[in-house]
2 protein chains.
Amino acid sequence: MNTKLQELKSRLREASDLNSAASVLYWDQTTYMPSGGAAARGRQMAALQMLAQEKATDPAIGRLLDDLQPYEESLPYEDDDASLLRVARRDYERQTRLPADFVGEMAEHSIESYQTWIKARPANDFAAVAPMLEKTLDLSRRYADYFPGYDHIADPLIDESDPGMTVATLRPLFKELRAQLVPLVDAIAAQPVPDDSFIYRDFMEQQQWDFGVDIVRRYGYDFERGRQDKTHHPYMIRFSAGDVRITTRFSKNNLIDGLFSTLHEAGHAMYEQGVALDYDATPLGHGASSGVHESQSRLWENVVGRSRPFWSYFYPRLQAVFPAQLNDVSEDAFYRAINLVRPSLIRVDADEVTYNLHVIIRFELELALLEGTLAIKDLPDAWQASYQESLGIQAPDNRDGVLQDVHWYSGPIGGVFQGYTLGNIMGAAFWQAATQANPDVTNDIAQGEFATLHSWLADNIYRHGRKFTADELIERVTGGALSIDPYVAYLRGKFGEMYGIDRT
Amino acid sequence: MNTKLQELKSRLREASDLNSAASVLYWDQTTYMPSGGAAARGRQMAALQMLAQEKATDPAIGRLLDDLQPYEESLPYEDDDASLLRVARRDYERQTRLPADFVGEMAEHSIESYQTWIKARPANDFAAVAPMLEKTLDLSRRYADYFPGYDHIADPLIDESDPGMTVATLRPLFKELRAQLVPLVDAIAAQPVPDDSFIYRDFMEQQQWDFGVDIVRRYGYDFERGRQDKTHHPYMIRFSAGDVRITTRFSKNNLIDGLFSTLHEAGHAMYEQGVALDYDATPLGHGASSGVHESQSRLWENVVGRSRPFWSYFYPRLQAVFPAQLNDVSEDAFYRAINLVRPSLIRVDADEVTYNLHVIIRFELELALLEGTLAIKDLPDAWQASYQESLGIQAPDNRDGVLQDVHWYSGPIGGVFQGYTLGNIMGAAFWQAATQANPDVTNDIAQGEFATLHSWLADNIYRHGRKFTADELIERVTGGALSIDPYVAYLRGKFGEMYGIDRT
């Protein structure tokens, strides 16, 4: 039995190594590659991904999984081998259901669609992308049809990044969250808008960089097993347990963009660095889901990084780095500026409160598209109507409306956006559990100390990798099902206090 | 026929893409990778190289080559398709002769041997590496035996990096060169030693970097299709026609180490950037051989970069960058310092004249080892005796003697060192042809202009990639066989003048 398990692991490691190699090529492409390298690089990455897919769907893996089933069943659910086999089977079954031709067609269409979007967005030209979206929608439905037996056509797409999550669970959860958020946004909008003009003064890039690096080092991001580089669109990437990198970008005239991007990506990276080393290059050797990942990035970015205790420690230090720019700005003014709530058009720039409304708008629109109750041609109008309804604003054109996010133009429709809001909801649940287990966490943060929080997260979330699903992690940590209550309580508490709004 | 050629090219491209991917991983490993990434990275690179080898030796390639033989024979020798088929066949026959097990055994042993050497060298412990060398020698002989019919056991090893070259050609060539060099070294040694102490003053790294980058940009190295990064042991690496990178290192207390390393690697890189774009990701898409490659690196480093016309233009500029360090140093003194000839122990630091003696010593020793006329245990003594004979010096210990170069400790014995001296010999031949064809080359260099030289090299050498062997290139350019005469004339001319030695 052990020989078969070893053979299985070796085959899975080979597929993982090829994917990691493709990741290194991607990282290089987005950080250091000279422009001349683009054409060959695309081809090289595609070759690696195709080979990785071939290896991962080799029928020999299916046979080994069958042979090892009795062994798996003889073990407790939480056993490492049992978990490896369970997750490997889930991956194998999912990947083998999608024909290679279909995967190739999707990949090719994604590239064409992305290339079209890149030009269409600045030209405000929805008509140019509409036929692309029609095909994307068709492909997304065909994707779902490879997983018959679903309750909702979006479920197989959601299951890809958030295993176990379904429309039946998410729709009511998001509906309830929206119902809680809209009045909060309205109440905040009735208050005076804090001044944040000083955020846009001149801040030397290198000092911004150093300040951010100092914080994420204190957070617990290990630079012996990672590094930070500059790119256009920041992301975290894992090559192995010992090499988990983050990327960031800085703007001289924006103090917080680069800083919070660094904190966000470090949150993702600490999760990956914290996965049990034994799981490296196995199906367990990654974060559990898109939602759990986002819970970590947004917890370290927002719940910690935009909190009062955090800035009570770091603001004097930030002032010392930028005295000319910040000596006339009080800690309280700074805190209000970085937490300013304001209905706005751009999701990625949105504050903690309105952010979820951006996500829920997209989630509902993509469900309607998949269900066939909304046509692509009507999408721009539906977008505007949703923004009017949820945020009380409308984009002046499609550029900052329906053409805004890359997602629908570079992948399937469905299965991506839910992760962002799931992350916020789960992050608050984990935060509540962590602070209940260790009441000192907040005091430690006010001393620039993060070890208590980091080890709690490492013990309860990080080390498990993909062993448990998001629901299982939530159940283990909170003793119950996923609920929006901790998140709503967190938002009401923080922003109620800041804006002087009744917390009930 | 065309379909088969397309299929062949597609299979060759796949193997090439996997090798390029492995190269990106190597580049990252030696430039930016955090230390924690080492273990997985080694495994990932090995996986890629094994897959590339599998693809390159797929029997389907052999069948396609057979099927395409009539087509190849119907074409002129210089035709692109004919050349592609010819070189692809040469590669395929070579690679399929080596069993995968043997390749794996060599790769594994190389790593073990290298790890041993890394510790043994600082400890001056030849006894530790001796058993490794015994096995390396055994493997090198077995390597040769996969190519029966050779005249000399080193020939198959030499043929790997310098196709067509044999001991029968090289031994007399090197013997004659040695006979010319030893008296020249002796004559120089009888002259006063120029002062070069100012080279070791304090020079800010960033200024060194910028000065070097400016020069190689003028040389014609295209930064849109390349870039320079820092590493421990500088090298050039090609990922595709549009992405050919160089690496370098700088030392604050050595003005010339980093500069000439940059010029050297840029010489390699311009060669790769100049290969016909159509050849990218085919067997023709690289430099012709180790020797031809070295001819370009050493031509741009030494023949151009250490010449009087070059420094007549650049020295005032260098002084402007480092006024405090160089204003008391005349151009003539600087020129003498960077061209100082002095028998020394370390090959990589050796001057243009003695450098070849270092190479020839190693070449003769490895032939003796392969022939069985020298035993590993006697290698340290033989090393010392050779240095005494050729350079009149001896290393105080094995550290700077037989343990000096990484080559024997990380690859086969035989087949590597000849390329360095071949490069010098060929470089002088190409230089002579280029300056005869364009008498303005030297004047242009004195104006900081390199386009004439660069285009001559691109036309006559670079664009052909691997279409022609080194011998064929030499024949096309000089109308005759490889000769040491241009090289000896070059050395006598340059150093005779500098040291006031009779040029006859």
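I take helices (H or I, at least four residues) and strands (E, at least two) as DSSP runs, numbered from the N terminus, and the expected span of a helix as 1.5 Å times one less than its number of residues. Residues are numbered from 1 along each chain as its sequence is written, while chains are lettered from A and ligands numbered from 1 in the order in which they are written. This is a predicted model, in which local features need pLDDT of at least 70 and side-chain atom pairs count only at pLDDT 80 or more, whereas totals for chains, interfaces and linings use all residues.

**Helix H12 of chain B**

I looked up H12(B), residues 308–321, and found 14 residues reaching 19 Å from the first C-alpha to the last, close to the 20 Å expected. H12(B) bends by about 40 degrees at Phe314(B), with Pro316(B) following within four residues; the bend is the angle between axes fitted to the seven residues ending at a residue and the seven starting there. I then listed the buried residues of H12(B), which are Phe310(B), Trp311(B), Phe314(B) and Leu318(B), where buried requires 20 or more other C-beta atoms within 10 Å of the residue's own, placed from the backbone. An α-helix has 3.6 residues a turn, so residues three or four places apart point the same way. These buried residues pack against helices H9, H11, H13, H14 and H18 of chain B, contact being C-beta atoms, placed from the backbone, within 7 Å.

**Domains of chain A**

The domain assignment gives domain 1 (2–97) and domain 2 (197–345 + 419–465) of chain A, with bounds from an automatic or database assignment. Their C-alpha centres lie 29 Å apart, and 17 residues of domain 1 are in contact with 14 residues of domain 2. On the domain 1 side, H1(A) supplies the largest share, 11 residues.

**Chain B against chain A**

I noted that the contact takes 32 residues from chain B and 32 residues from chain A. On the side of chain B, helix H1 (2–31), helix H2 (38–56) and strand E2 (236–240) each supply at least two residues, and the largest share, 8 residues, comes from H1(B).

**Ile158 of chain A**

Ile158(A) is found in helix H7 (residues 155–161) of chain A, and I count Ile158(A) as buried because it has 30 C-beta neighbours inside 10 Å. Leaving aside neighbours within four places in sequence, Ile158(A) is in contact with Met165(A), Thr166(A), Gly414(A), Gly415(A) and Gln418(A).

Conventions: A residue is buried if 20 or more other C-beta atoms lie within 10 Å of its own, exposed if 12 or fewer, and partly exposed in between; C-beta atoms are placed from the backbone. Two residues are in contact if their C-beta atoms, placed from the backbone, lie within 7 Å.
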